[in-house]
Amino acid sequence: MKKAVVVAALGLLAGPMAANAVPFAFDCISNNNTTNCTIGEAQLSVDVTDAGGGVTKFLFSNSGPLASSITDIYFDWLNAGAALSGGGIINSAGVAFSWGANPADLPAGNDANPSFNANISADSDSPASHNGVNPGEYVGFTFTTNYASVLNSLNNGDLRLGIHVQAFANGGSESFVSTPPRVTVPEPGMLALFGLGIAGLGLARRRRRSM
């Protein structure tokens, strides 16, 4: 029984720390075309990663194989506690993004619940679809912010990510908003308590052996 307690405690400690990247999917909000929405929801995602040194990375990717291109990316936070700052852009080969999207807000953002209102944005350089995130490509954004706080903000809806996608095979476009996976991150104090619990179990075991 005590072995099970130790294993469970170790799992609680190791799980969140080992999961360095958390994937988020997207829901289609514009619904211009059912097929395009299905394609986008199936092959577009963003990984949120602890890059270390107080930096959080958002990696937007297009797994393909169907034609589509992420051309605009938007970040919407509902309060100052979820704000992002110190942003940088990492483009993969074939991708070229710059700060300041045109349009400045997510198309069809009013169809989100609540309405999506971008605080910061970026889009692909001209020609937009060619330099956007096409199948097999990605674009990353880094911000100087606490990783655990970012995950919590994404999970409770204080921070949302929006993408505008063009160049579907039928020439259409759609807008998508991130969907929270409901991942919880233990506070540092809670991790310390688990560590003390494991240490206490180990000490009690050693004392028994010496008796």
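Glu137 sits in the loop that runs between helix H3 (128-131) and strand S8 (138-144); helices (H or I, at least four residues) and strands (E, at least two) are DSSP runs, numbered from the N terminus. This is a predicted model, so local features need pLDDT of at least 70 and side-chain atom pairs count only at pLDDT 80 or more, while totals for chains, interfaces and linings use all residues. Residues are numbered from 1 along each chain as its sequence is written, and side-chain values use heavy atoms, with hydrogens and water left out.

Is Glu137 buried or exposed? Glu137 is buried yet has no salt bridge, and the nearest side chain of opposite charge, Lys57, is 16 Å away. Buried here means under 20% relative accessible area, exposed means over 50%, and partly exposed is in between (1.4 Å probe, protein chains only). A salt bridge takes a side-chain nitrogen of Lys or Arg within 4 Å of a carboxyl oxygen of Asp or Glu. For charge, Lys and Arg count as positive and Asp and Glu as negative, with His and the chain ends not counted. Not counting residues up to four places away in sequence, Glu137 touches Phe60, Ser61, Asn62, Ser92, Ala93, Gly94, Val95 and Gly132, where contact means heavy atoms within 4.5 Å.

## The salt bridge

Side chains of opposite charge can pair when their charged atoms come close. How many salt bridges does a search of the whole structure find? The search turns up one. Arg160 forms a salt bridge with Asp76, and the closest N and O atoms are 2.7 Å apart. The pair ties together distant parts of the chain, with Arg160 in strand S9 (residues 159-166) and Asp76 in strand S4 (residues 69-77), 84 residues apart.

Both partners are tucked away from the probe: Arg160 is buried at a relative accessible area of 8%, and Asp76 is buried at 3%.

## Helix H2 and its two sides

In helix H2 (residues 34-43), the buried residues are Asn36, Cys37, Ile39, Gly40 and Gln43. They cover an arc of only 160° around the axis, which puts them on the same side of H2; the arc is that of the directions from the helix axis to the C-beta atoms. Thr34, Thr35 and Ala42 are exposed on the other side of H2. Among the elements covering the buried residues are strand S1 (21-28), strand S2 (44-52), strand S3 (55-62) and strand S10 (174-179).

Asn33 caps the N-terminal end of H2, with a side-chain oxygen 3.0 Å from the backbone nitrogen of Thr35. Further along, Thr38 also belongs to H2 and counts as partly exposed at 49% relative accessibility. The Thr38 side chain reaches the backbone oxygen of Thr34 at 2.9 Å. Such a polar contact is a pair of N or O atoms within 3.5 Å; within protein, one must be able to donate a hydrogen and the other to accept it, and residues adjacent in sequence count only if both atoms are side-chain atoms.

## Helix H4

Helix H4 (residues 147-156) has Tyr147, Val150, Leu151, Ser153, Leu154 and Asn155 buried. Their cover includes S1, S2, S3 and S9.

Just after H4, Gly157 takes a positive phi of about 90°.

## Leu106 and His164

Leu106 is in the loop between strand S6 (97-99) and strand S7 (120-124), and counts as buried at 4% relative accessibility. Which residues is Leu106 in contact with, leaving aside neighbours within four places in sequence? Ile29, Tyr74, Phe116, Gly162, Ile163, His164, Ser175, Phe176 and Val177. The C-alpha atoms of Leu106 and Gly162 are 6.6 Å apart, although 56 residues separate them along the chain.

His164, in strand S9, is buried with a relative accessible area of 11%. Setting aside residues up to four places away in sequence, His164 touches residues including Ser69, Asp72, Leu106, Pro107 and Glu174.

## The whole protein

The protein has five helices and ten strands, and 37% of its 211 residues count as buried. Of the contacts with a separation of 6 or more, 76% come from residues 24 or more positions apart.
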